[in-house]
Amino acid sequence: MTDRPPTPLETLRQARDIGREEGLRYIYIGNVPEEEGGQDTVCPGCDRVLIHRHGFGGITNYVQEDHCPDCGTSIAGVGMNERARRSKQQENRPLLQDPPERRGRDVMEKEIGLIVNPVAGMGGSVGLKGTDEDMHKKARELGARPVTPKSTKEFLEHIERKDGIKLLVAPGVMGEQYVRALDIPFVVIGEIGKETSAEDTRRIARRMVESGAELLVFVGGDGTARDVYDAIGSRIPVVAVPAGVKIFSSVFAVTARAAAEMVDAFVEGIGFKEEEVLDIDEEAFREDRLASRLYGYLVVPEVRRFLQPGKEASSVSRSSVESKEEIAAHVVEEMDPETLYLLGPGTTLKTIADKMGLAKTLLGVDAVHAGELRGRDLNEKGILILLGKYEKRKVVVTPIGGNGFIFGRGSKPFTPEVIKKIGRKNIIVVGTRDKVSRLDCLRVDTGDIGVDEMLSGYLKVTVGYREGLMVKVRC
Amino acid sequence: MNEVPYSLPQNIIEAAQRGLGKLNRYADPGELKRLRGLLAEYSGVPDRHILLSQGSDLLLRELICPFSKGRNVVTVSPSFFPTVEAVKQFATERLSIRLSPPMFDLSLELLMDMLEVPTLLILDNPNNPTGKMLLERRMVEAIAEHGKVLLVVDEAYYEFSKTTFADMVADYPRLAVIRTMDKAFGLAGARVGYAIVGEAFLNVFSSFYSLLSRPSLYAAIEALKHPEYMKENVRRTIAERERLRRALHDLGSCVYPSSANFLLIKSEIPDVVRRLGELGVLVSDISSQLPLGFARVSIGTRGENDTFIVQYREACRTCD
């Protein structure tokens, strides 16, 4: 249907008006730019905005106790009084810290959670490469100083839309101490002991989501990202402020300042994208070996920066969702019905399966043949059995952002034996242009030198529809 | 934007001003012919191999549009951004070769493997934004002898690299070289681009006739009649480029060798483009084409480069 022009806004408005005249009380227009208006649900009594929609899926609900806050018209709908109940609970909390002059302002403010991992990054200056588990104690003994205060302060300092947010902060060193001096209303969530732990991060993150946080900001490293992922998954979007030793997960903003920019963008209302959380084996990293695995995805605000007007801001720039769709369209079109396809982990691969109408696991290896799923979340054994059944077989993988691993020691199901059986020419690599452009090269570390060597040289990465990039593989 | 920072000699400004007095008229065909003749002489080829256009990026588009039909279009990545754009717009089968740090070199072996189907190959030499020379004469011979390939070499920075394949077009009909007077001749605001093309391109472009504006036309003719200032521009720019390279190297930044009038740096400063921007220094953000930390720095005047060094040092200091 791409040969048809978009439905004019005027037609959509007409349709809405007809619906209204016929008695539909909560009709609104979807899938149009926010600035065009009409996306909000308005009160059938007084036309006040009741549900404000922004970006993809951003929602602010103004309904109070099932009624319009202005004219009191009764509003139908499931869960319409949930938010109101929540706000009431918070008002009763003794820890509410709204400066008096800010009290009673309308509920346009976005509620944003903040969790600081006070021990993240401490290993760096003393050469420890990470502070997972009890390593931070060792770091402290070696004279390490925490690095999170600087990142946290820099982040908070650079938020420009301080007027548009209300913070839900973790207690003490995990957040509260940084916001006391600032002119931002805040509420403290949860309790902590003298020593903080990963469990604190997980518990408080969950509590924040339950308390109505619309966005969660965390300051830390890859380990903190994993804790947040475990606690909240993609229930609400996050902003990750880097303050670790070595940060590999692409979920992190480039700098604390860039993280502040993402918060501002969130307040303004924009789109979102998924970014990787990696499981870096710190034990291996201390031995100068990089073993990483895709651990999961968190959702972050998508800020598109056009620093150089005219030249770089152009039709080439696409959202990550559009790029993945384009890649999926290409891969699906090229698929041969007689070949078995093993789809590796990642959102790009999931987009391919979605395009075929198949429910793929996000982090597992799934098998597809003739448009049907032949196996989900396969391990090495499962893959080898399938390889025995099909004569023609291909593997589709995407590199991990930042370090470019297509086959690392972490990607368990694709063992050297599996890769040997598949053969180099049957490996299809896909990845968005944005992600691939940021890699020095592709990497492999299968644990078998012979296989690594077989994989070295150039591989074609599909980065768009009929668009490939030849990238060198290093081992 | 990699312009030359030095102002133009008076005679060229006066020539452009003469053009202003005749803005009610299209450029005179005789004068266009004269410019083609001067460019042919400058490039060491017969007149008929020269095509004129308003800027080399437009010429690249003019070449990519018709010649990408039924061909694979092969480029390198990173590359000159308007080329990337035009390829994305016109070509249906696109393949690029990733130039990997730290060497950014182009593998002839890989390239030859990719040329088994009809291909339009576009390479910038030196490459923008790395400043790296991708091609040498024997590589061009190998590629241009390949029956299925049309080779377009973008030599926008030829005067700085002092390496050209323009003289080969008479022997290799499937070779085209793109040049500009925007850079070394300091005529960025005039937009005079030209191509030196082999027979295979000439057939398609036989009716191609691009008019230039009168001020641009007169300025270009005057510049080619008295090119000494251009050589001085080049000499000063290269001297400054090497001075800046040493200074940045001493500040701990990774600086790559360059054959153009810009430097590619890899900085340890997080978000370097923005930090420098806040200090009033604009460098090119190439984060859409290379890993984080890379930036392209145009060579300015001695004073401008000094300012850059001071601000870069400041950015280093404040990021710790």
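The entries below go from the model itself to salt bridges within helices, and then to the interface.

**Entry 1: the model.** I noted that this is a predicted model, where local features need pLDDT of at least 70 and side-chain atom pairs count only at pLDDT 80 or more, while totals for chains, interfaces and linings use all residues. Residues are numbered from 1 along each chain as its sequence is written, chains are lettered from A and ligands numbered from 1 in the order in which they are written, and side-chain values use heavy atoms, with hydrogens and water left out. pLDDT is the predictor's confidence in each residue, from 0 to 100. For chain B I found a mean pLDDT of 93, with 99% of its residues at 70 or more. The predictor gives the complex an ipTM of 0.92 and a pTM of 0.75.

Entry 2: I looked up the total and found 42 salt bridges over all chains. A salt bridge here is a side-chain nitrogen of Lys or Arg within 4 Å of a carboxyl oxygen of Asp or Glu. Side chains of opposite charge can pair when their charged atoms come close.

I started with R13(A), which forms a salt bridge with E10(A), the closest N and O atoms being 3.8 Å apart. Both lie in helix 1 (residues 9-21) of chain A, 3 residues apart, or about one turn. Helices (H or I, at least four residues) and strands (E, at least two) are DSSP runs, numbered from the N terminus. An α-helix has 3.6 residues a turn, so residues three or four places apart point the same way.

Next I took E417(A) and K421(A), whose salt bridge has its closest N and O atoms 3.5 Å apart. The two are 4 residues apart in helix 13 (residues 416-422) of chain A, about one helical turn.

In chain B I found a salt bridge between R243(B) and E240(B), at 2.9 Å from N to O. They sit 3 residues apart in helix 10 (residues 228-250) of chain B.

**Entry 3: buried or exposed?** I used these cut-offs: buried means under 20% relative accessible area, exposed over 50%, and partly exposed in between (1.4 Å probe, protein chains only). R13(A) is partly exposed at 25%, and E10(A) is partly exposed at 48%. E417(A), at 38%, is partly exposed, and K421(A), at 43%, is partly exposed as well. R243(B) and E240(B) are both buried.

**Entry 4: where the chains meet.** I found 34 residues of chain A in contact (heavy atoms within 4.5 Å) with 35 residues of chain B. The rule finds 7 salt bridges across this interface. One that I looked up joins R94(B) and E467(A), at 3.3 Å from N to O. Strand 19 of chain A supplies the largest share of the side of chain A that touches chain B, with 7 residues. Both R94(B) and E467(A) also belong to a network of salt bridges that links E326(A), R433(A), E467(A), K88(B) and R94(B).

**Entry 5: helix 4 of chain B.** I listed the buried residues of this helix (residues 81-90), and K88(B) is among them. These buried residues pack against helix 10 (320-334) and strand 19 of chain A, and also against parts of chain B, including helix 3 (56-67) and strand 2 (72-77).
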